[in-house]
Amino acid sequence: MPLFHLAIALLSAISPVAVAQVSILQVSSAVSSATSSFAPGSASSALASSSTAKVAPQAVAATPAAAAAAAHSPYWLESIAHQGISAFDSNPASYQVFRNVKSFGAKGDGSTDDTAAIQAAMSAGGRCAPGSCLSSTTTPAIVYFPAGTYIISSSIVDYYYTQIIGNPNNMPVLKATPNFSGFGVIDGDQYGANGLKFGATNVFFRQIRNLVFDLTAIPSSSSATGLHWPTAQATSLQNCVFKMSDAPGTQHQGLFIEDGSGGFMSDLVFFGGLNGVVFGNQQFTVRNLTFYNAVTAIDQIWDWGWTYTGISINNCTTGLNMAGGGTTGQSTGSVTFLDSSFTNTKVAIVTAHNASSFPATAGSLILDSIVLTNTPVVVQGPQGTVLKGGSLTISGWGEGHEYTANYQKKSFQSSITKFSRPSSLTKNGQYYARSKPQYQASPLSQFVSVRTAGAKGDGLTDDTAAINSVLKSAAAASKIVFFDAGTYKVTSTITIPAGSKVVGESFSVIMGAGSFFSSIASPQPVVAVGAAGQSGVVECWRDPDPMESCLDTSSPSGMWDVHTRIGGFAGSNLQLAQCPTTPNSAAVNQNCVAAFMSMYIAPSATGLYMENNWLWTADHDMEDPSVTQITVYTGRGLYCASTSGTIWMVGTAVEHHALYQYQFVKTKNVFAGQIQTETAYWQPNPNASVVFPIASGWNDPDFATSCAGVMGQCNMGWGLRVVNSSSILVYGAGLYSFFNNYSVACSNSVVSPGNGGACQTRIFSVEGTAKNVDVYNLNTVGATQMVTRDGKQVALFSDNANVYPDTIAYYKSS
């Protein structure tokens, strides 16, 4: 079981008044081998696969039999006592976090229009509404749907910091009326006079899961959308079904995303439609999506980098269309597609990329382990078929720029040698994957509430002893620990023992504070999972901050929707009032030096599955009406020192740490994709080494030595640093440096397309022994050198210009 420290790495709050926060969506630590029973890419039980023959979407009717079945399919989240609070709401005693839509008047009977009742459940309590609020952490909510069919006549407008959850044992249906009006049965970011009401790149901390979106009552000739979802980090979609018309000329679409900086989704099924999905977002990780009978399964209207894994496309005209903009102005930057299949589909992928297309690296595409059945064309380019299909398996194929032997740039559109996969990372030849467990078969008696056990979650009371006590007793009794919504202040380390299963409610928070965390010379974790020498499995979801993992396990431990958040939120004492930006001063505000590191995976750790994790040092105040920038200092991002490795990082991001975002030292066997980073906005004022000098024993980068004689802004935090490691396999990366001292002049385009490439000299370093340190679709912004090998330049940004980032489709270290 992994030994990992959260915000242990957030683990040390240097100032006694500063706090680091871990948001718990789900951590689960089970000593059983349950995790290994999940096949890679397997859907949850609600999403059973069907044959490849044409499948007509079926409307879900509300019948007495269905109602009876629902009554016999209880879900613990519906029944558990809801004691959650919002500690920093203006009236925490009365604020309601959990909202059952039926308590607000929704019937779910298949005939009553429930639109107004559902919107009332969403909006009650003075929440952060689109158009009147840009962001807030103080009005969280779970909007819960019991089993039933809910008639919807106009869009349900989503609010900030919301989890929309249905009963996974009998998934509720949101059925649009024939005369439905609005953009999406659920509109995740409503349009106003000036565009999207929430800034799509700042829409954090939200989720939808366990719903059926049914558009089949809407005439097929009418435009209709199931879900409108412009979104950013720490967001997810899971276990949803989209039912659309597949009649000739259908204008239905299931999921529409046109903006944002995501993001993660998994376990979605789409029936019919003109487009199953329309995707436009900087970057995303998409896992286990299944499409039937769409004209186009995936319409990729733009991106910088997307990673698709476990995708199944059946009976469609086109699988993936990434040809937007044509050969003279491609809009799709890069796509990585692996462990997926196309069946009975005319053309698997349409691209506009060729030898003369513009930008030169736009349309970068990697195919790895793709199975085709009765699919005549694999890749169709602007002049016709590029890669013929049939019924066969594509081991590896790609197009774009490569840097391999002697690190000489080469343009290619051909077969490739796919990355060598360590057997410890795979199951039946595909990468291991596991969806976030929802414990839908567990009875209510299996859950233990931390508030019932004595914790307060009010952001003021020291909950350390109560939390550690309930975690210990629950693990011994094989119980599941439920963190009711709240902010749990702790003054020493919370230890999650082997055998634990931990779930949160509406991003419940563990917030470290006090002198125990204040020593930069002796950093301490806010949350530690296991201890050196222990073995077992842990499952965890929803939000701890700074964290350390130490467990050794033969079956992977899991960490889903767990995020670290350092500063920028109510109660942190690291907001605009305390930590304003200082572009005109080189002085460091010591009260805003907040954390040593965000996450540490210790040498003894092995077998850790991470999915949808965001380790964020805040760049702005989420409570400020104008989301004004702030300056908070954190030393290090995610440091993996596991000697045995066997780590999966699926849809992870690390942002705004001083020395590095991701660092791998003396480790091996890591799957990572899509990864995403941002360099701290305040750098180089001061540079990376000033606030956090080298700490003995932590393998920190030595910028004084490595930057000697290097021109430009060298002494800035690495996006990705790999030292003396092997089989570090990155399936899509976005390493971004947008700012110098809060100014974006260094990344603004000088010559279209692309970016300025002048924010920092180097962003990705491979050092020492490096065997199979390989990257598909490396995308960088603001960095002059895209890759550095032992201090020497490998690839220059200006040679690899894309739609905005710079892209290398295929990089191998050896």
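Mentor: What follows goes through the disulfides one by one and then turns to two further cysteines. The model is predicted. It holds four disulfides, and with bonded cysteines counted along the chain, their pattern is 1-2, 3-4, 5-6, 7-8.

Take Cys579 and Cys592, which are joined with an S to S distance of 2.0 Å. The torsion about their S-S bond is about -100°, so this disulfide is left-handed. Both Cys579 and Cys592 lie in the loop between strand E37 (563-566) and strand E38 (593-601), so the bond ties together parts 13 residues apart in sequence. Cys579 has a relative accessibility of 1% and counts as buried; Cys592 is buried too, with a relative accessible area of 1%. The cut-off for buried is under 20%.

Cys707 and Cys714 form another disulfide, with S to S at 2.1 Å. This link is left-handed, with -80° about the S-S bond. Cys707 has a relative accessible area of 13% and is buried, and Cys714 is buried at 6%.

A further disulfide joins Cys746 to Cys759, S to S 2.0 Å. Here the value about the S-S bond is 90°, and the link is right-handed. Cys746 and Cys759 are 13 residues apart, both in the loop between strand E44 (718-736) and strand E45 (760-762). Cys746 and Cys759 are both buried.

Cys316 is buried, with a relative accessible area of 3%, and Cys640 is buried, with a value of 0%.

Conventions
Residues are numbered from 1 along each chain as its sequence is written. This is a predicted model: local features need pLDDT of at least 70, side-chain atom pairs count only at pLDDT 80 or more; totals for chains, interfaces and linings use all residues. Side-chain values use heavy atoms; hydrogens and water are left out. A disulfide is a pair of cysteine sulfur atoms within 2.5 Å. Helices (H or I, at least four residues) and strands (E, at least two) are DSSP runs, numbered from the N terminus. Buried means under 20% relative accessible area, exposed over 50%, partly exposed in between (1.4 Å probe, protein chains only).
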